[in-house]
Amino acid sequence: MTSVLASSRRAWLPWAVGVLVLAAGFGLQTQLYTDQERVVTAVLMYVVLAQSWNLIGGYTGYASFGQVAFFGLGGYVTGVLMWQLRLPFWWALAASGLLAAGFGALIGLPLLRLKGHYFAIAALGVAEGTREVITNLTSVTGGGGGLTVPTFGADAPTAYLGNDGFYVFFLLLAAFAVLTVTLVARSRFGFGLRAINQDEDAAAAMGVPTTRVKVAAFSLSGLLAGLAGSGYAFQAVNIYPGPMFDVQITVLMVVMVVIGGSGTVLGPVLGAVGLQLLSEWLRANYTTYHTFILGTIIVIAVVLFPGGLVTYVRGGLRTGQWSLLTSIRRYRL
Amino acid sequence: MSQFLQATLYGVLQGGLFALIAVGFSLVWGVMNVINIAQGAFVVLGAYLGWGLATYAGIDPFLGMLVAAPVMFALGYALQRFLINLVVNAPVFITLLLTFGLDLMLTQAMNIAFTANYRAIPTSYASRGVEVLPDVFLPLGRFLTFGVGVGVTLLLAWVMSRTRTGLSISATGMDRGAARLMGINARHVYGLVFGLGAATAGMAGAMYGTVGTFSPADAAHLTLISFVIAVLGGLGNPYGALIGGLVLGLIEAWGGQYLPGSWENALAFGVFVVVLLLRPQGLVGRSYYAARLEV
């Protein structure tokens, strides 16, 4: 809450850093090989997804284990519109974002009445159910055999963006996601979310319209994930229900946000960049043991920094307490 | 008609095995508020133990399961006592991430040790069938796994309500602070619960391997059905797992029989979400963990 009371002397600093990082993103592109460019593109996509989860799981405190539903839905809306109706990508992108946001509001209304882990698993059920529906609507979506987005020749509604194009697309989308979360975090709406996170009854008593605020947050998080899914589907060209609705994507969002620092603007960015780069590096250098090492790192990180890196550093700077055992002392039995 | 009876029989038999797959998951979640993502990996590990014993020592999987159970129990106890207890008071998604990390490690370790090939535990009798009604066959292997599944689940229910250990588990689940004041060693109880969860998963794995094929890639799906069953039935309650398992088994069997494509899966998740919305405490459950105070 300090940001409300603190003087706004250095309020321009985060914005300046943000613009610099964006510029650095464009500068970095000129220095990368094709493979590296693809890796960074994936990192940027995960920044968007992590921020999407951060809105509902980090700020509002409703841990959605079904966030991939929006990603998959966004991807399939784009895929179907471009494949069946030959709509240009940009129209499909807008439709994907809006439909994902609408879906978020629609399922948010009943689901967000559930508390804690009941909400989490109901969201998981919705994601799995959505995948099954998409798999079985064979005539529209191509079913389990997947669909191919037309990308080349006269057949293509929008020409393939190519590696450079998708890099710029996801860089701008990541900037949009970070900007959105920053604005939300500083707004009245964001304070409502944090109040709900801390004590929903108290928030309601203070006049926060909890249902409306929660549904809006869920819908906004759906918009971000839906846009990411739309771009991903166009980039991947061939999309299948399994990979588009992979539970692992949801879990990665959660891991990135929690390890980085949930309920902060910076944490999910650091989590996404750190984890995705590490994962790619392990995949390239230790192919066989890649998943095993990643699992070990997650276990260690969760035990030592359950509050996330950003929270740990902030706490350290404020109190001078840097002991790694603090969180274990706090959470052990 | 015989088609319907056959599907029903198949669903019930499958439900018994489902119950055993999920009962440990439900107990761990209900008592400790730990969502064990590694449940499916435990089941697959149990299947490999049964497979190894059958292949290299010639031990029948229904006996091998009795070896797999204590091994898995020891693994589960050690994991809880020395690792998960370190963060067990953190918000639920922290422990969820921890078990997700364990799941990645276990699944990949099994991939390296046993390859990703699909295997089955061969027996001479599992594929035989007995005609119980005209045109309705009772597959022997599935009948035996059903018996084991229901038997072990009921045994667990008996242990939970009739033995000192079981009562201390229930007490710890209801109010850990009060239980500790009564002299219950909560760290040990938590170890026991996770050990029991792993042991039942291991037995379920050996059963799963005798009636079908398995590979490390199945772990995620097995965790997912444990989720559905535990929530359908009600957390922390062995009878809940039994009901949830039967409901899921029947939905899948009937849906598979009468719906085109794989709509039965969509149906299963639809029922899951509706039950959650109308009766979040599950079909048989009380709200076990949700209602208690943290001390």
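This report describes helices, a core and a chain contact in a predicted model.

## Basis

Residues count from 1 along each chain as its sequence is written, while chains are lettered from A and ligands numbered from 1 in the order in which they are written. In this predicted model, local features need pLDDT of at least 70, side-chain atom pairs count only at pLDDT 80 or more, and totals for chains, interfaces and linings use all residues.

## An open helix in chain A

Helix H2 of chain A covers residues 12–30. Helices here are DSSP runs (H or I, at least four residues), numbered from the N terminus. The number of buried residues among the 19 of H2(A) is zero, so this helix lies largely in the open. Buried means 20 or more other C-beta atoms within 10 Å of a residue's own, with C-beta atoms placed from the backbone.

## The nonpolar core

The largest nonpolar core holds 213 residues. Such a core is a set of buried Ala, Val, Leu, Ile, Met, Phe, Trp, Tyr and Cys residues joined through C-beta atoms within 7 Å. B:Leu97 and B:Val193 have the most contacts inside the core. Helix H1 of chain B (residues 2–32) gives the most to this core, with 16 residues.

## Where the chains meet

In all, 40 residues of chain B contact 37 residues of chain A. Contact means C-beta atoms, placed from the backbone, within 7 Å. H4(B) gives the most to the side of chain B that touches chain A, with 13 residues. B:Leu97 touches residues of chain A, including A:Val254, A:Ile298 and A:Val302.

Definitions and conventions:
Helix = DSSP H or I, 4+ residues; strand = E, 2+ residues; numbered from the N terminus. Expected span 1.5 Å × (residues − 1). Buried ≥ 20, exposed ≤ 12 C-beta atoms within 10 Å, placed from the backbone. Contact = placed C-beta atoms within 7 Å. Lists of a residue's contacts leave out its neighbours within four places in sequence.
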